[in-house]
Amino acid sequence: MKLELISFKLCPFAQRAIILLNTQKIDFEITYINPMDPPDWFKEISPTGQVPLLKVDDQIVFESSVITEFINDISTTSIHPDNVVQKANNRSWIALSSAMFDDLFGLVTGDKDKFNASKEALFNELAKLESAKSSDVFFNGNDFNMIDAALAPIFMRLAWINEFTDNALSIAEFKHLSAWSDAILAVEEVATSVVDGLDDVYYSNIEGREGHLSTLLVDE
Ligand SMILES: N[C@@H](CCC(=O)N[C@@H](CS)C(=O)NCC(=O)O)C(=O)O
C-alpha cells in the first residue's frame with residue numbers, strides 16, 4: 001500500500017496525521033502544498049479543498065480524524081484504549097479538541113476583542129479538559145495514545161505563543177494539562193512531526209497577521 005500525505009507545513013490537522021504515521025512507524029511520502037493557493041491537481045482530487053488529504057494507492061482519504069483512524073486501522077497495534085467506552089470517550093474529547101483550533105485561529109488573527117473572546121472560549125474548553133484529565137502521564141495512563149496525538153498540535157502552538165510573548169496564553173493554572181503538555185511535547189514522534197524551524201515560521205505568521213497577538217510579541 002503506497003501512502004502519500006498532502007500537507008501544509010503549518011497545518012495542525014496535517015500534523016496529527018504525521019504524528020500517527022510516525023508513532024505507528026508507517027512509511028509515507030509527503031507533498032506540501034499551500035491550501036490557500038492550491039495546484040490544479042489538488043483541486044481535482046480534493047472534495048473539501050483542505051489538507052490533510054491522504055492518497056492510498058489510487059484512492060483518497062480526507063478529514064484528519066478519518067485519516068488518523070485509518071492509519072491506526074492499518075497498524076499492527078492500536079493506539080486507542082481497548083475498552084470501547086473509554087475509546088468512545090477519547091474520541092469525544094478529540095472531537096471537542098478540534099474546535100479549539102478555531103479559537104486558536106481567532107487568537108492569532110483577531111483584534112483585541114476577538115483575541116479576548118477566543119481566549120475565553122479556548123480556556124473554557126481547557127478547563128473542562130483539565131477536570132477530565134487524571135494525574136497519569138498521558139490521558140489513559142503511561143502509553144501515548146490517539147488522544148495525546150490529537151492534542152499535541154494545540155499544546156505545541158500554545159507553548160510557542162507563550163515563548164514568543166510574556167506567557168500570554170499560560171496554562172499554568174491547569175496543573176494536569178501543564179504536565180500533560182510537557183509529556184506530549186517530549187515525545188520524539190511529536191517533536192519530529194513538524195519541519196525544523198516551524199516555530200520561526202509560526203512567529204512570522206503571527207507578525208504578518210497583525211492581530212492583537214502580534215502586539216504582544218517580545219523580541220527573541
Ligand atoms: N476538518 C478538517 C480541517 C482541515 C483544515 O482546516 N485545513 C486547513 C489547513 S490547516 C485548510 O486546508 N484550509 C484551506 C481551506 O479551508 O480552504 C480536518 O480535520 O482535516
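Residues are numbered from 1 along each chain as its sequence is written, and side-chain values use heavy atoms, with hydrogens and water left out. Because the model is predicted, local features need pLDDT of at least 70 and side-chain atom pairs count only at pLDDT 80 or more, whereas totals for chains, interfaces and linings use all residues.

View 1. A pocket is an open set of points on a 1 Å grid over the protein atoms alone, where a 1.4 Å probe fits and protein lies on both sides within 12 Å along at least five of seven lines; lining residues have an atom within 4 Å of a point. Of the 36 lining residues, Cys-11, Pro-12, Phe-13, Val-51 and Phe-101 are the closest to the centre. Helix H4 (84–109) is among the elements that give two or more residues to this lining, and H4 gives the most, with nine; helices (H or I, at least four residues) and strands (E, at least two) are DSSP runs numbered from the N terminus. At least three lining residues come from each of domain 1 (3–73) and domain 2 (84–216), with bounds from an automatic or database domain assignment.

View 2. Two or more of its lining residues come from each of H6 and helix H7 (175–185). Asn-167, one of the residues lining this pocket, lies in the loop between H6 and H7 and has a positive phi of about 55 degrees although it is not a glycine.

View 3. A ligand oxygen atom is 3.0 Å from an N or O atom in the side chain of Gln-50, a ligand nitrogen atom is 2.9 Å from a polar backbone atom of Val-51, and a polar side-chain atom of Ser-64 lies 2.6 Å from a ligand oxygen atom. The protein buries 71% of the 510 Å² that the ligand exposes when taken alone, with accessible areas from the Shrake-Rupley method and a 1.4 Å probe.

**View 4. The peptide bond from Val-51 to Pro-52 is cis, with omega near 5 degrees.** Most peptide bonds are trans.

Conventions: A polar contact is a pair of N or O atoms within 3.5 Å; within protein, one must be able to donate a hydrogen and the other to accept it, and residues adjacent in sequence count only if both atoms are side-chain atoms.
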